[in-house]
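Please open the structure in a viewer and keep the selection panel at hand.

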Amino acid sequence: MSLKIFPKKKNTAAEIVCNLSSINKIDLVNIKRALNKFGMVYFRNQKLNSKQYLSFAKKIGKPALYPRLKGLNKKFPEITVVQRKKKDKGPSFGEQFHTDSSYTKKPPTFTMLFSKLVPRKGLANTEFSSQYLAYENLPKKYKTQINKLIGTFSSKGPIAITTVERVKEKGKLNKELKANHKLVKTIGKKKSIYFSAGHFIGFNSRQNRKLNELEKYLKKHQIKKKFQFSLEWEKNQLAIWDNRSMLHQATPFNGNRIMHRITIK
Ligand SMILES: [Fe+2]
């Protein structure tokens, strides 16, 4: 059976039907094309072990090591476990719109999540907001303004509160990482806003009234409902998104969930 692509809600995402353990070269080209077009694609009912998961990831690009969390085990350091337990209090990991690792000089190009254990469907979604659409719909005066701007992003930005528990539990020293990025990225032929509010700590120029106004506007504008797609998780579902153009966040929930994550350089 050949691969089938089903676009969702005004092309903010697409579901792809295929078996990821046996894709051929043409399938891979189509997956990459869809990823570029929609920003986020997902695959249901994938029975992949860690070796097969990593093998698919390597077809997309070179897996990165996540700077702040340890890997699954010695054999699969590229796979990190994103886990929420029923008894956990406070916000989930990543519970605010952000792009991954914007506080590093070279954030991952793509992020993949593979669900191993999930609560009832619809209870713990991941929401995406297309920054291609956000840029396209930006009023002209702001477009001109942000095309020239650089932002500073920090691992201790507003979203840091959701990682404190995780890092305490699993991981490495909690040293602050910071990086500067242009607020507009050109990906292929498209332009995208690159503004991860969860990590944003300021513009790389003196803050003034105009910039304050822009910051406020961007934060509201970039997550308008019309740019968003809410992904419902099922067990054995794999999602992959462009980490430069798709903001994402975990919806708040109470329950057990285990996701295996791979990021691509
Ligand atoms: Fe994330």
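**Helix α2 and its surroundings**

The buried residues of α2 pack against β4 (63-64), β6 (110-117) and β16 (257-264); contact here requires C-beta atoms, placed from the backbone, within 7 Å. Helices (H or I, at least four residues) and strands (E, at least two) are DSSP runs, numbered from the N terminus. The model is predicted: local features need pLDDT of at least 70, side-chain atom pairs count only at pLDDT 80 or more, and totals for chains, interfaces and linings use all residues. Residue numbers start from 1 along each chain as its sequence is written.

Select residues 50-60, helix α2, and highlight Y53, F56 and A57, its buried residues (20 or more other C-beta atoms within 10 Å of the residue's own). Viewed down the axis of α2, these residues fall within an arc of 100 degrees, so they line one face of the helix; the arc is taken from the directions from the helix axis to the C-beta atoms.

**Sheet β9-β8-β12**

Next, select the open sheet of three strands ordered β9-β8-β12, with antiparallel pairing; pairing requires at least two DSSP bridges between two strands. Its edge strands, β9 (178-182) and β12 (200-203), each pair on one side only. Then select β8 (residues 150-154), which three bridges join to the antiparallel β12. G151 has F203 in β12 as its bridge partner.

**Sheet β13-β7-β15**

Finally, move to the open three-stranded sheet with the order β13-β7-β15 and antiparallel pairing. At its edges, β13 (228-231) and β15 (246-250) each pair on one side only. Strand β7 (residues 126-130) runs antiparallel to β15 and is joined to it by five bridges. Centre the view on T126, which stands opposite A250 in β15.

Key
Buried ≥ 20, exposed ≤ 12 C-beta atoms within 10 Å, placed from the backbone. Contact = placed C-beta atoms within 7 Å.
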